[in-house]
Amino acid sequence: MLDAPQILEVPEQHVARVRLTVPRAEIRSVMGPGIGEVYAALQAQGITPAGPWLSYHLRMDPEVFDFAICVPVSSPVSATGRVTPGVLPAARVARTIYRGPYEGLGGAWGEFRAWIDGQGLEPRADLWECYLAGPESSDDPTLWSTQLNQPLAG
């Protein structure tokens, strides 16, 4: 289920990130370890996250995911291991909230993209998902929520 989409301007956001390029089938096996690495680096450096974690996809390919596992920060992180500092660029975005299990994200993106197309908007190649509530907050996946962000051209 999607909330009503909005169009907004978002400022750049500094992040701590682990960049990965993996076959689609491996996404589940790399997410947990990657986010663990980012949070461990933040803790070791005494940095408090400035928001929930997210995955920033540089482009969507049905076979290969080229993305970064990110945590927003208000002070710069020092590179350590695979964790590096990064920035989500300022952008005009279409945004909605998907409520439900992660397995429904593909369908939610399809519905969201249909709305974007129906508005005559031109999506960029990049996008991000911000995980507002997930398995860490409830065993009931119907209570999970994921913010979908599609940057727009122009």
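The model is predicted.

Start with helix α2, which covers residues 105-118. This helix has 14 residues. From its first C-alpha to its last, α2 reaches 20 Å. That is close to the 20 Å expected at 1.5 Å a residue. Just after α2 comes Gly120, with a positive phi of about 75°.

Now look at which residues of α2 are hidden. Leu105, Ala108, Trp109, Phe112 and Ile116 are buried. Seen down the helix axis, these buried residues fall within an arc of 95°, so they line one face of α2. The other side of α2 holds exposed residues: Gly106, Gly107, Glu111 and Gly118.

What covers the buried residues of α2? Strands β6 (91-99), β7 (127-133) and β8 are included in the cover.

Follow β8 next. This strand spans residues 145-151, and Gln150 sits in it. Is Gln150 buried or exposed? Its relative accessibility is 0%, so Gln150 counts as buried. The cut-off for buried is under 20%.

Gln150 has a polar side chain, and one of its polar atoms lies 3.0 Å from the backbone oxygen of Arg124. Arg124 is also among the residues in contact with Gln150, leaving aside neighbours within four places in sequence.

Key: Residues numbered from 1 in each chain as written. Predicted model: local features only at pLDDT ≥ 70, side-chain atom pairs only at ≥ 80, totals over all residues. Heavy atoms only, no water. Helix = DSSP H or I, 4+ residues; strand = E, 2+ residues; numbered from the N terminus. Buried < 20%, exposed > 50% of the residue type's maximum accessible area, 1.4 Å probe, protein only. Polar contact = N/O pair within 3.5 Å; in protein donor to acceptor, adjacent residues only side chain to side chain. Contact = heavy atoms within 4.5 Å. Expected span 1.5 Å × (residues − 1). Arc of directions from axis to C-beta.
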